[in-house]
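Hi,

Here is the structure I said I would pass on. Have a look at it first, and my notes follow below.

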Amino acid sequence: MLSASYRSLLRTPGAAAFFLSATLGRVGIAMTGLGIIWLVHGRTDSYAVAGLVTGAFAVAEALAGPQLARLVDRFGQTRVLPPLLLAHTAAMASLVALAGSGGPHGPMAAAGAFAGATVPQLGALSAARWTALLQGDRPEALPSAFALESLGNGLCYLAGPALVTTVGVRTDPAHGVALATTLVVGGGLALAAQRRTAPATAGAAERRRAGRSLLRPGFAAQVGVNLALGLYFGATQVSVTAFAVGHGAAGAAAPLYAVSNGASLLAGWVYGLRRWRGAPRVQLAWVTGGAALGSLPLLAAGSVRGLGLALAVTGLAVPPILVLSSVLTAASVDGAALTQAFTWLNSASAAGAAGAAALAGRAVDAHGPTGGFALAAAATTAMALVAAADAHATGRRRPARRAPAGRPCGSQPRGSRPRGSRPRGGA
């Protein structure tokens, strides 16, 4: 059952509708990459070609995502999503047709890139709606909202790959790709139809100011945190597989991932249940520091059970990191650039994961799984250093203010709003 905090959020007018629409679409997004692998390999019998097409898809998604988000911030979700979804449908249909005909590998890779470049960043769109809905009147509820987003995203990436694999194995792989596209388009169109909760668009002057806000040190630090988190994910995926194979238990790789994901889901659920004391930047510094310490046992794991325990410990830190990073991003960036900001975080994480996978592969070849886990530990250490430096720099930039008579420093009169935090969009 949903806790009182989450029920209260979803009872906010319009919130349940846009959250469920975005979640439906994200199940399809979670299916798409693996669905392309099943499709291309099934038609060409080549993992190399499947990897080429999937890589083109992933790179194009990471590069194009922030640019699409910029269009969304300028013209609005309801205007950008329909043509974007039409283009994505055409790209996926072209990929299915080219793979079915056994066409040249170049056009298939181009179709994969086109499909990746037109994937709507539904997680960023949903986060922007939460911010517009809550930041003006209920900013204290934002961490719970982002925790709910983290839970939804985690469940999507558990259900999506399993669903597309089942469809791809039991029927035609093209059916899995078609189902993924249907979910993406259906969820995206349902989101676009909900105008009341869509963030308002801004004028030219406000957009220019918002663009400059993406260069603020506070936001740059969050990009660095998400880049390091992606490096951890990419290095861990390769290293866990190598560890399982090296211990003669290749089938244990999937349960090990499930343990880590399960711990993350539990931690995300618990974190969103209550209001935590302390400034978000300070919390992030502590949590990332805990993640750095928690990753050290990965280097010493000598059994599958020991590795599972170590992965569970590090998995506990992931949702609070994502939630706090989103909260700090919403506070650091002008409202007219929020979609871009959230998309940059996603792209940074994806870029880190892709780069770490290649680096970890070399490290594992040279030093075994320990080499890959060393890269993961280095990534969490860098993440902790970035978060700590940001917290320290922010503390130095913000000198203590003298409290007005009769009121503690930092408190606000009843009914007042933080300066510059007007709500954006209908709520």
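Val 40 touches Asp 45, Val 49, Ala 50 and Val 53, leaving aside residues up to four places away in sequence (contact means heavy atoms within 4.5 Å). Before I go on: this is a predicted model, where local features need pLDDT of at least 70, side-chain atom pairs count only at pLDDT 80 or more, and totals for chains, interfaces and linings use all residues. Residues are numbered from 1 along each chain as its sequence is written, and side-chain values use heavy atoms, with hydrogens and water left out.

Back to Val 40: you'll find it in helix α2 (helices are DSSP runs of H or I, at least four residues, numbered from the N terminus). Val 40 counts as buried because its relative accessible area is 0% (buried is under 20%, exposed over 50%, partly exposed in between, with a 1.4 Å probe and protein chains only). Leu 52 is twelve residues from Val 40 in sequence, and their C-alphas are 9.7 Å apart.

Now for Asp 45, one of those contacts of Val 40. Asp 45 sits in the loop between α2 (15-44) and α3 (47-75). Its phi is positive, about 60°, although Asp 45 is not a glycine. Asp 45 has 64% relative accessibility, so it counts as exposed.

Elsewhere, take a look at Leu 273, in the loop between α11 (253-271) and α12 (280-294). Leu 273 is at 33% relative accessibility and therefore counts as partly exposed.

Cheers

How values were computed: Helices (H or I, at least four residues) and strands (E, at least two) are DSSP runs, numbered from the N terminus.
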